[in-house]
Amino acid sequence: MLTAKDGEWDQAEALDAGADDYLTKPFSLRCAARPPARPGEAGCPWREDEPSVLRCGDLVLDHRERRCTRGDDEIMLSRREFDILGVLLSRRGEAVSKDELMDRIWGPEFNGDPNILEVYVSYLRKKIDAPLAVGSLETVRGFGYRLIDEHPELARGAPLAVAG
């Protein structure tokens, strides 16, 4: 997307709507002509040595197909949401620092507001956790985030008992 709007919320909204990239005017032709990053290249959160399908309980992410499912339901994610979730899934159960997420998703040269990460984590929680009333995306206070399988019975397909 090429636009004169340069606010972080404008950028988040555009990327959430499906834009692959976001350039503000005036722009550099070198930046505008860059091809999408591939695994192993700078600017791509996916590493060559990571499997293409990542799981945590019933949450499945296939980065080659760009598809996310939880149980039988497909979850539509923006590019940034997808990439953040991919990094967290690749390190399932392990705390990932905000700095590492920022570097892997936005790149080390990003000079925007780092709170953009919190905006996307909030979007992810609404999409992957809220519909099932689970809390698999945890905040590690003062550090970053961790993805856990809060309800292992969901992965086996057993119904989750809800106290009433």
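Four strands form an open sheet in the order β3-β4-β5-β6, with antiparallel pairing; two strands count as paired if DSSP finds at least two bridges between them. β3 and β6 (73-74) stand at the edges with a single partner strand each, so one side of each has no neighbour in the sheet. This is a predicted model, in which local features need pLDDT of at least 70 and side-chain atom pairs count only at pLDDT 80 or more, while totals for chains, interfaces and linings use all residues. Residues are numbered from 1 along each chain as its sequence is written, and side-chain values use heavy atoms, with hydrogens and water left out. Helices (H or I, at least four residues) and strands (E, at least two) are DSSP runs, numbered from the N terminus.

**Inside the sheet**

- β5 and β6 pair in the antiparallel sense over two bridges, with T69 partnered by E74 in β6.
- Their hairpin has two residues between the strands, and here G71 in the turn has a positive phi of about 65 degrees.

**Helix packing**

- α3 lies across β3, β4 and β5 and runs at about 115 degrees to β4; axes are lines fitted to C-alpha atoms, for helices over the stretch in contact, and angles run from 0 to 180 degrees between N-to-C directions.
- α4 and α5 pack at an angle of about 90 degrees, their axes 10 Å apart, and are therefore roughly perpendicular (65 to 115 degrees) to each other.
- K98, L101, M102 and W106 of α4 meet I116, L117, E118 and Y120 of α5, where contact means heavy atoms within 4.5 Å.
- The residues of this α4-α5 contact divide into six nonpolar, no polar and two charged.

**The nonpolar core**

- Which residues touch the most other members of the largest nonpolar core? They are I84, L85 and L147, in a core of 28 residues.
- Such a core is a set of buried (under 20% relative accessible area, 1.4 Å probe, protein chains only) Ala, Val, Leu, Ile, Met, Phe, Trp, Tyr and Cys residues joined through side-chain atoms within 4.5 Å.
- Leaving aside residues up to four places away in sequence, L147 touches C56, L59, L85, L88, L89, R92, G93, I128, S136 and L137.

Terms used
Buried means under 20% relative accessible area, exposed over 50%, partly exposed in between (1.4 Å probe, protein chains only). Angles under 35 degrees count as roughly parallel, over 145 as roughly antiparallel, 65 to 115 as roughly perpendicular and the rest as oblique. Ala, Val, Leu, Ile, Met, Phe, Trp, Tyr, Cys and Pro count as nonpolar, Asp, Glu, Lys and Arg as charged, and the others, Gly among them, as polar.
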